[in-house]
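Work through the exercises below with the sequence and the coordinates at hand. Each task is followed by a solution in steps.

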Amino acid sequence: MCSLQGKMASGGVSVATLWTEVNRYGQNGDYTRALKSVNKILQECKDDITALHCKVVCLIQNGSFKEALNVIHTHTKVLGSSDVIAFEKAYCEYRLNRVENALKTIESATQQSDKLKELYGQVLYRLERYSECVAVYKDLIRNSQDEYEEERKTNLSAVVAALSSWEKSPPEDLGLPETTYELCYNSACTLIGQGDLTEAMNKLRAAEELCRQSLSEDSDMTEEDINSELAVIHSQMAYIMQSQGRTEDALQLYNQVIKLKPADVGLLAVTANNIITINKDQNVFDSKKKVKLTNAEGVEHKLATKQLQAIELNKALLAMYTNQADQCRKLSSSLQAQNPGHPRPVLIQVAQLCREKQHSKAIELLQRFSEQYPESASEIKLTMAQLYLIQGHVTKACDILRSIEEIKYKQGMISALVTMYTHEEDLDSAIDVFGQAIQYYQKQQPGSSGHLALVREAANFKLKYGRKKEAISDLEQLWKQNKNDIHTLAQLISAYSLVDQEKAKSLSKHLPSPDTMSFNVDVDELENSHGATYIRKKAAKVTGDTLPKEQGQGDMKKKKKKKKGKMPKNYDPKVAPDPERWLPMRERSYYRGRKKGKKKEQVGKGTQGATSGGLAELDASKSASSPPTSPRPGSGATSASSTNMVPPRQQKPAASGATRKKPQQKKKKGKNW
């Protein structure tokens, strides 16, 4: 260190004068000129700790964190043993996102100053060690009084919101005032973590109003600047709308935030990711554009670990929806390597295999994961059961579901198992599911509504499928719970009648007598009910104008005469009707079937000019005097020329005597002359 106050620096200016310039430039905020003066001092005094400290501060103020850290490392021997430079070193490491190194630097300092504690709280927040961070800020607020108290309270409320959102920890009421929009916004985030979305929306509206009021007081702020500052509040509002199912309103608000192009890359990444989740497998082109916003530089330092995981998972899903199988496998494998016990990356790989119709490989992958990480096996086994059902292996799916200890005794799971076993006609397994569930509830929640409802369903199931003997224990348990339940008692007596008739008789004594039973049944209402087979017709209402007249005062209402039914044309009242007239012809006793070989006259067949009349003439069988078709040998048949027989071609069809009528000649139509 320079000890001579009057020593001249290069250029003829004394070191004292240079220090005066450094002081003046520092007070004016002109750190560039201050740095030049410090460098001149260091040319004369290379190991001056104060000058080195001033140089590091000037570089930090100018945003040159790497250069500042290089100066500290270069002069480690001079500055290493001193706590003067500890804050600056940790701050440079923090700004360069070397958070772990910053934590080591802070913890290695022998004296913990207030500004070092402030930085310590920031580092713990970035490392997501929220519980320790809360303790640091509580201590700072308790033991310090300066103009930064409001900022400390804001940071503390942000830590509480992170605890509620990412660790689902119940928030501690610290009595923080909501006088600024930052505090109000953090309070809304805490409520979102608790699931109170309605109250969170009210807090966000209040934060928006406070923000507009505070920013409108600044004349330099334009409407666009105010909207940019409100972007984070609007994005959180859109998230609440999306969680409530109002996707159209949420999408509109998200797009407004994107159009503003806020400087916060973390906000842009979260907003773009949420738009992708709304699009899902639709509007893929828009999702591809939004993915670019999630890949911006520095996003990984702005978001929490769970937020980054969600973004990477959505990238893998988008790759699957766009049929980029290799990209999907690459992203999901990378996620699995980063989080070995997390089931989501494995489920994405399984979904991709199912799209490729490789269900067997998908099941093998799920089986390996469930064996390696049994603590995360519930979600995995449910997917395995679904794949078995797709392949038609119902029994295997049931075995997988019964191996999930966390949910095997849930009422919904019991119902699903019983339904599937019944579909497979495996009643014994279905009854076994009921039995194990009843034993579980008997130990955990005896006599509860869920327990009794399960016993009731088991008894009804056994009675439905004829297992009355097996239903006796369930019915007895139900009847003991409620001795006045006559329906259960009747079922129990019916079941005992097959096993022990004496027991059934003894139980029947508990039935009320018919005289004491009062069912309060309204017969009219029962007959007119929807399920009644007979419905009594209601009499028409009689009005005053349509009252029946007294006898003798008016004409009586004439009765309608029944019309006689029409008789057949050939009806003969003396002849009894055919008793088989209502049967089809083929079913009657006298039906002999159609004669074979009797063909209808074929119209339009044969040689040109032939008619149906000519065919009848050629049929010798219709002639009464026609000879046998083939004369017997030695009969001495004479020729047609030696007898009076008319040749076949000259024969006419035989008339049927008086029964045949001459056809009536049609009257010729013509004009009257």
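The model is predicted, so local features need pLDDT of at least 70 and side-chain atom pairs count only at pLDDT 80 or more, while totals for chains, interfaces and linings use all residues. Residues are numbered from 1 along each chain as its sequence is written, and side-chain values use heavy atoms, with hydrogens and water left out.

**Exercise 1. Find how many salt bridges the whole structure holds, and describe the pair Asp-286 and Lys-290.**

Step 1. Apply the criterion: a side-chain nitrogen of Lys or Arg within 4 Å of a carboxyl oxygen of Asp or Glu. Searching the whole structure gives 19 salt bridges.

Step 2. For Asp-286 and Lys-290, the closest N and O atoms are 2.7 Å apart, and the pair forms a salt bridge.

Step 3. Locate the pair, taking helices as DSSP runs (H or I, at least four residues) numbered from the N terminus. Asp-286 and Lys-290 are separated by about one helical turn because they are 4 residues apart in helix α16 (residues 284-294).

Step 4. Classify by relative accessible area: buried is under 20%, exposed is over 50%, and partly exposed is in between (1.4 Å probe, protein chains only). Both Asp-286 and Lys-290 are buried.

**Exercise 2. Describe the salt bridges Asp-428 to Arg-467 and Arg-33 to Asp-30.**

Step 1. The closest N and O atoms of Asp-428 and Arg-467 are 3.2 Å apart. This pair links distant parts of the chain, 39 residues apart: Asp-428 is in helix α24 (residues 427-444), and Arg-467 is in the loop between α25 (449-464) and α26 (468-481).

Step 2. Asp-428 has a relative accessible area of 52%, so it is exposed. Arg-467 has 21% and is therefore partly exposed.

Step 3. A network is also present: salt bridges with shared partners join Lys-117, Asp-139 and Arg-142.

Step 4. In the salt bridge between Arg-33 and Asp-30, the closest N and O atoms are 3.5 Å apart. Arg-33 is partly exposed because its relative accessibility is 47%; Asp-30, with a relative accessible area of 26%, is partly exposed.

**Exercise 3. Which residues gather in the patch of negative charge on the surface, and where is Glu-182 placed?**

Step 1. Select residues with over 30% relative accessible area and no salt bridge, and join like charges within 9 Å. Asp and Glu count as negative, with the charge placed at CG of Asp or CD of Glu.

Step 2. The patch consists of Glu-147, Glu-150, Glu-151, Glu-182 and Glu-229.

Step 3. Glu-182 lies in helix α11 (residues 181-194). Its relative accessibility is 32%, so Glu-182 counts as partly exposed.

**Exercise 4. Count the disulfides, and classify Cys-211 and Cys-328.**

Step 1. With a disulfide taken as a pair of cysteine sulfur atoms within 2.5 Å, the count is 0.

Step 2. Cys-211 has 0% relative accessibility and counts as buried. Cys-328, at 1%, also counts as buried.

How values were computed: Patches are made of residues with over 30% relative accessible area and no salt bridge: like charges are joined within 9 Å, nonpolar side chains (Val, Leu, Ile, Met, Phe, Trp, Tyr) within 5 Å. Accessible areas come from the Shrake-Rupley method with a 1.4 Å probe; for residues, only the protein chains shown count as cover. Helices (H or I, at least four residues) and strands (E, at least two) are DSSP runs, numbered from the N terminus.
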